[in-house]
Amino acid sequence: PVTVGKCRYFMESRVGNAPFSSLFSAFGGPAYRNVVKVMFMKNLFIFLWSLLFVIPGIIKMYDYYLVGYILADDPTMSPMDALRKSKEMMRGYRWDTFVLNLSFLPWYLLGGLTCGVLNVFYITPYVAQTNAELYRALKGRRYTCEML
């Protein structure tokens with residue numbers, strides 16, 4: 001639920017100042033159990049694919065990369081629908097997302113030199129906001145392609 005709340009916070013902060021309470025939005029109401037169930041299933045599937053070999057686990061990790069953002073948009077979505085939607089949105093963009101994540105490596109190394117202080121105040125929010133923008137871009141592209 002904290003991951004989904006973080007995703008919601010950064011999605012809302014795209015358009016203005018997001019309230020701090022957005023971080024805890026997944027804890028309230030009947031959606032809480034669903035969010036826990038979906039995130040558990042996501043992590044379980046990634047773990048099971050990782051048992052086969054490391055590479056299939058990494059591929060599934062990128063297939064389910066957007067599940068937190070999907071749940072931030074619709075916390076009542078069923079587990080299989082959320083996983084399937086993330087997989088559809090990431091189709092053709094797994095490698096690009098992997099390269100995007102590699103581009104943050106120098107930032108993490110710099111954060112290590114500052115004993116993690118830079119990670120807390122700059123790098124982690126920067127990466128989270130970038131992922132929110134990635135979600136919005138892929139969501140917009142998906143709907144644009146469907147209309148054509």
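## Exercises on a predicted model

**Exercise 1. Where does Phe 20 lie, and is Phe 20 buried or exposed?**

Step 1. Phe 20 is located in the loop between α1 and α2.
Step 2. The relative accessibility of Phe 20 is 58%. Exposed residues are those over 50%, so Phe 20 counts as exposed.
Step 3. Ring pairs join Phe 20 with Phe 24, Phe 27 and Tyr 32 into a cluster.
Step 4. Phe 20 also belongs to a nonpolar surface patch with Val 2, Phe 24, Phe 27, Tyr 32 and Val 36, and together these residues have about 580 Å² of accessible area.

**Exercise 2. Determine the burial and the contacts of Ser 22.**

Step 1. Ser 22 is found in the loop between α1 (2-12) and α2 (31-52).
Step 2. Its relative accessible area is 5%. The cut-off for buried is under 20%, and Ser 22 is therefore buried.
Step 3. When residues up to four places away in sequence are not counted, Ser 22 touches Gly 5, Arg 8, Tyr 9 and Glu 12.

**Exercise 3. Classify the ring pair of Trp 95 and Phe 98.**

Step 1. The whole structure contains 13 aromatic pairs. In one of them, the rings of Trp 95 and Phe 98 have centres 5.3 Å apart and planes at 35 degrees.
Step 2. Planes under 30 degrees apart count as stacked and those over 60 as edge-to-face; at 35 degrees, the pair is therefore tilted.
Step 3. Trp 95 and Phe 98 are 3 residues apart in helix α6, so about one helical turn separates them.
Step 4. Trp 95 is exposed, with a relative accessible area of 61%, whereas Phe 98 is partly exposed at 30%.

**Exercise 4. Which geometry does the pair of Phe 104 and Tyr 126 have, and which parts of the chain does the pair link?**

Step 1. The ring centres of Phe 104 and Tyr 126 are 5.7 Å apart and the planes are at 85 degrees, an edge-to-face pair.
Step 2. Phe 104 is in the loop between α6 and α7 (105-113) and Tyr 126 is in helix α8; the pair, 22 residues apart, links distant parts of the chain.
Step 3. Phe 104 is buried at 4% relative accessibility, while Tyr 126 is partly exposed at 35%.

**Exercise 5. State the confidence of the predicted model.**

Step 1. The chain has a mean pLDDT of 89, and 95% of its residues reach 70 or more.

Key. Residues numbered from 1 in each chain as written. Predicted model: local features only at pLDDT ≥ 70, side-chain atom pairs only at ≥ 80, totals over all residues. Heavy atoms only, no water. pLDDT = per-residue confidence, 0-100. Helix = DSSP H or I, 4+ residues; strand = E, 2+ residues; numbered from the N terminus. Buried < 20%, exposed > 50% of the residue type's maximum accessible area, 1.4 Å probe, protein only. Contact = heavy atoms within 4.5 Å. Phe/Tyr/Trp six-rings, centres within 6.5 Å; stacked < 30°, edge-to-face > 60°. Patch = residues over 30% accessible without salt bridge, like charges linked within 9 Å, V, L, I, M, F, W, Y side chains within 5 Å. Areas by Shrake-Rupley, 256 points an atom, 1.4 Å probe, with all protein chains shown as cover. Salt bridge = Lys/Arg side-chain N within 4 Å of Asp/Glu carboxyl O.
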